[in-house]
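Reader: I would like a close look at one part of this model. Please take the charged pairs and keep it brisk.

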Amino acid sequence: MAAPSLSRRALLAGFLAASAAPALAQNAAQPFALPDIPGPLRPLGGLVIDPKPLGGGGFSGVHLAPDLTLTLISDRGHWAEARLVLDGLAPIGLQPLRHGPLRDEAGRPLPRGFAADAEALARLPDGTWLVAFERRHRLRAYRRLDGPGTHIPPPPGLENAPANGGLESLAVLPDGQLFAIAETFTPPDRPELRHAWLGTPGRWMPLYWQPAPGFHPTDAAILPDGRALVLERRFSLLGGFAARLVMTAPEALRSTTEGTVLRGETILMLDDAPLPAENWEGIAVTRFGDQTLVALISDDNESVLQRSLLLLFAWRVRQ
């Protein structure tokens, strides 16, 4: 279903910003302005992404590096890298760098379909990329995204997740541990919860995540102080898309034990009032100078009725 269009005011502001911005040699996005909102996130601006120079759309996972390299994975089985271009802190464009297919252990491109449904992206401290896949639930490790991907032990029980409800949230803590949440995989006696895990491959501790009623977790990222930001999405035929971003308490991940139920406080709503409603699927956090930046990405499902958007925020609270 098509998400509501950006307001005329936002589009006009984006046009004026693009007109005043430095010319880009190659640009895969057009900027638009965001209104200021209360809370810990200060909106810096948004981009409407043209997926074609990036190899196609369907972006479901995102990583943002301190040098502003934006890495994306698609549920169509490909990856892309681009340079996020800022004017001050406002995003004004994306310069495509490279893209290609995700590959199996032998270096062969994954066949499009169930085998290529990449949903979450994280990077370990040693530079290794981790990609989580749905439908055929698994984790792959990549030294380079253009190289072969090796299987690593997934969280226990993940094979029992619904085909389209597996591992969508994957984040790396400062100590190198992984925080993972399944989208719609629920314990049979607690359908309001989602299976979650904390640990490292082969040493996973089972937890639970409690989303808001009607919402499902789609990605997670970690703030510099160790708190988790979890992106949750809701969809209905009548109401379309909505999303919320929640933040865990400072000690939540550091004080977990097996079976802990984690939840977060809402810090951002994306329901077209005033931020655009879309199919929000990815979140990334990075340090840039003295700022903590938070980026959100939407999945257009390669449909003309949806958009690939990127929103950029600065964290107002000093880390």
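Are Arg307 and Glu278 buried or exposed? Please set that pair beside the other salt bridges, and say where the partners sit.

Author: This is a predicted model. Start with your pair. Arg307 and Glu278 are both buried. Their side chains meet in a salt bridge, with 3.4 Å from N to O. Arg307 lies in the loop between β21 (291–298) and β22 (308–315), and Glu278 lies in the loop between β19 (265–270) and β20, so the bridge ties together parts that are 29 residues apart in sequence.

Shared partners come next. The search of the whole structure gives 20 salt bridges.

Now take a pair between strands. Arg233 and Glu281 form a salt bridge at 2.7 Å, N to O. Arg233 belongs to strand β16 (residues 228–236). Glu281 belongs to strand β20 (residues 280–288). The pair therefore links parts that are 48 residues apart in sequence. Arg233 and Glu281 are both buried.

Glu105 and Arg140 make another salt bridge. Their closest N and O atoms are 3.2 Å apart. Glu105 sits in the loop between β6 (90–101) and β7 (118–123), while Arg140 sits in strand β9 (residues 138–142), so this bridge ties together parts that are 35 residues apart in sequence. Glu105 counts as partly exposed because its relative accessibility is 40%. Arg140 has a relative accessible area of 5%, so Arg140 counts as buried.

Why do such pairs form at all? Side chains of opposite charge can pair when their charged atoms come close.

One more residue belongs in this view. Phe114 also lies in the loop between β6 and β7. Its relative accessible area is 52%, so Phe114 counts as exposed. Which residues does Phe114 touch, leaving aside neighbours within four places in sequence? The contacts are Glu134, Arg135, Arg136 and Arg138. Take Glu134 from that list. Phe114 and Glu134 are 20 residues apart in sequence. In space, their C-alpha atoms are 7.6 Å apart.

Back to your question, in short. Arg307 and Glu278 are buried, and so are Arg233 and Glu281. In the remaining pair described here, Arg140 is buried, whereas Glu105 is partly exposed.

How values were computed
Residues are numbered from 1 along each chain as its sequence is written. This is a predicted model: local features need pLDDT of at least 70, side-chain atom pairs count only at pLDDT 80 or more; totals for chains, interfaces and linings use all residues. Side-chain values use heavy atoms; hydrogens and water are left out. A salt bridge is a side-chain nitrogen of Lys or Arg within 4 Å of a carboxyl oxygen of Asp or Glu. Helices (H or I, at least four residues) and strands (E, at least two) are DSSP runs, numbered from the N terminus. Buried means under 20% relative accessible area, exposed over 50%, partly exposed in between (1.4 Å probe, protein chains only). Contact means heavy atoms within 4.5 Å.
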